[in-house]
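Here is a short report on a protein model. It covers the fold, the strands and the core.

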Protein chains: 2
Amino acid sequence: MKRARSLKRKPKRPEPKRGEPEPLDPRSIDDDPVVQGILTAISQKRLKPGAKLGEDKLAAAFGTTRIHIRQALAHLASRKVVMQIPNRGAFVYRPSWEEAQDIFAARRILETATVGAAVDRLDKFGKTELKAHMELEARHDRNDRWASLSLTAEFHILVAKLAGNRVLLDMSRELMLRTSLAIATFEQPGEPDCSPEAHPDIGALILARDKAGAIQAMRHHLEEMEQRIKPQEDKDEVDELTAIFQEIGARARAGG
Amino acid sequence: MKRARSLKRKPKRPEPKRGEPEPLDPRSIDDDPVVQGILTAISQKRLKPGAKLGEDKLAAAFGTTRIHIRQALAHLASRKVVMQIPNRGAFVYRPSWEEAQDIFAARRILETATVGAAVDRLDKFGKTELKAHMELEARHDRNDRWASLSLTAEFHILVAKLAGNRVLLDMSRELMLRTSLAIATFEQPGEPDCSPEAHPDIGALILARDKAGAIQAMRHHLEEMEQRIKPQEDKDEVDELTAIFQEIGARARAGG
DNA sequence: ATTGGCTATATTGTAAACATTATGGTGGTC
DNA sequence: GACCACCATAATGTTTACAATATAGCCAAT
């Protein structure tokens, strides 16, 4: 038995007037709290590459269901931020050495373009935003590691926003996260992505509308970032299996 | 009651030897036949922007289950190839006019970079591949619309492959599909993406190792592509509601 | 005759139970 | 004493059924 339709208490759609068939609420899964939570945890380096992302654990942590977690993990796997292995589960993505280099190369191409467009399109509002961010970065508490990491990432996102191209912004966001994973994989896992003194220079050049200079400074900043990583594969804690097995294999050959 | 373990008849893993923990079979969902089917259907313009992608219909068409379809659609939605509206279903993505322009701008940035890298890295094997493709494009049957569309798309993919950067290749692939959707939305829905005479020029310049020339030709090719689309919103069949409503509104104002 | 609300149907979203697969521990055997 | 097979447990993947929502058709009323 169904109750009268007029008694329903979840209107949910205040204006169901037809005529705009699509732009009703196309809120993406990107706005999902689980997705956002994992993304910020990765960009703040609280989640290290290779970390297991168990469905039950996440469901309990976020207070939601396994299906919801599954959807979020599938989305993150599509974005190459997590890696899903059949019957094994989801792990924070760990790029290969070649992929790390490709990511840096792609980021150089995209961000030199975005910083150039940012200089071209810079207006009063953009200047205000940029100055405000540089103020934040200059005054921030360097002891708060997590806020620090978020702030330095925000600088690059802000530059991409100033470029005024949503598609480039999304791609740059994705590449920044993957850069973060590359640095965490091939440098020390807790190291920051950006050296802190580079951003004020770039910001000043943008504000001065020095397009070539800003592009050059951004390229230098990214190259410096890339030169810090080395193709070491065996780290301290995770992926010790390969090293151990190699050692065992050597012992077996030596002893038997 | 469980049967003996030794009786299981689905070995599935011929060599389960431990020692390679990760590269077992990380086959992505990109290789999924449903995903590939929808992608090729879109790039061949058999699926037009706004087309409904019902879960039951797709499950019946591909002979699989709804869950499988759901995962594929979620993945395609993450890649912005389909749009999912809550409680309404999945539709082929229809970019807005601003987004279409952003896509073209992003593609100019990426593909001028990839064609430059392709010239730099060109080797004997790359030359062979490129020549083979140009041969195919020159000789192909122009009446076979679908093969034609696939071939012209393959040219840009081949150039991105020659650049030797997997990350750039994936991003370019995605942008090509979204370009295809932009053209189908804002030009005639069945029109090809690329004008056919541009590819031989670009290919010849790459083979001649004329980097600046190849970049310029690619930029020109993409600009020509972009200039063909116009910000018309009312098309013939889909989204006819807005046009009808505008007409009705005009009549109402004129008659009443 | 057209507009409004109501009902029936189809489709999407979600929850829970079930099957399958990896993993860690245990006992047996050489 | 070490290695191998087996079993118990936990996690993932899948099926099933159910609930909620939107769509289309229908009837009544103006």
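## Terms and basis

Two strands pair if DSSP finds at least two bridges between them. Helices (H or I, at least four residues) and strands (E, at least two) are DSSP runs, numbered from the N terminus.

The model is predicted: local features need pLDDT of at least 70, side-chain atom pairs count only at pLDDT 80 or more, and totals for chains, interfaces and linings use all residues. Residues are numbered from 1 along each chain as its sequence is written, while chains are lettered from A and ligands numbered from 1 in the order in which they are written.

## Chain A overall

Chain A holds 10 helices and 3 strands. Along the sequence they follow the pattern α-β-α-α-β-β-α-α-α-α-α-α-α.

Chain A has 256 residues, and 33% of them are buried (20 or more other C-beta atoms within 10 Å of the residue's own, with C-beta atoms placed from the backbone). Contacts require C-beta atoms, placed from the backbone, within 7 Å. Among chain A contacts between residues at least 6 apart in sequence, 71% join residues at least 24 apart.

## Strands of chain A

Strand β1 (residues 52–53) of chain A runs antiparallel to β3 (residues 89–92) of chain A, joined by 2 bridges. Here A:Leu53 stands opposite A:Ala90.

Strand β2 (residues 82–85) of chain A also pairs with β3(A), in the antiparallel sense, over 4 bridges. A:Ile85 faces A:Gly89 across this pairing. The hairpin of β2(A) and β3(A) has 3 residues between the strands. A:Asn87 takes a positive phi there, near 65°.

## The sheet of chain B

Chain B has an open sheet of 3 strands, ordered β1-β3-β2, with antiparallel pairing. Its edge strands are β1 (52–53) and β2 (82–85), each pairing on one side only. Between β2(B) and β3 (residues 89–92) of chain B there are 4 bridges. B:Gln84 stands opposite B:Ala90 in β3(B).

Helix α3 (residues 66–78) of chain B lies across β1, β2 and β3 of that chain. It runs at about 110° to β2(B). Such angles go from 0 to 180 degrees between N-to-C directions, with axes as lines fitted to C-alpha atoms, for helices over the stretch in contact.

## Nonpolar core

A nonpolar core is a set of buried Ala, Val, Leu, Ile, Met, Phe, Trp, Tyr and Cys residues joined through C-beta atoms within 7 Å. The largest one has 117 residues. Which members touch the most others? They are A:Val82, A:Ala214 and B:Val82.

Leaving out residues up to four places away in sequence, A:Ala214 touches A:Val115, A:Val119, A:Ile202, A:Leu205 and A:Ile206.

Notes: Contact = placed C-beta atoms within 7 Å. Buried ≥ 20, exposed ≤ 12 C-beta atoms within 10 Å, placed from the backbone.
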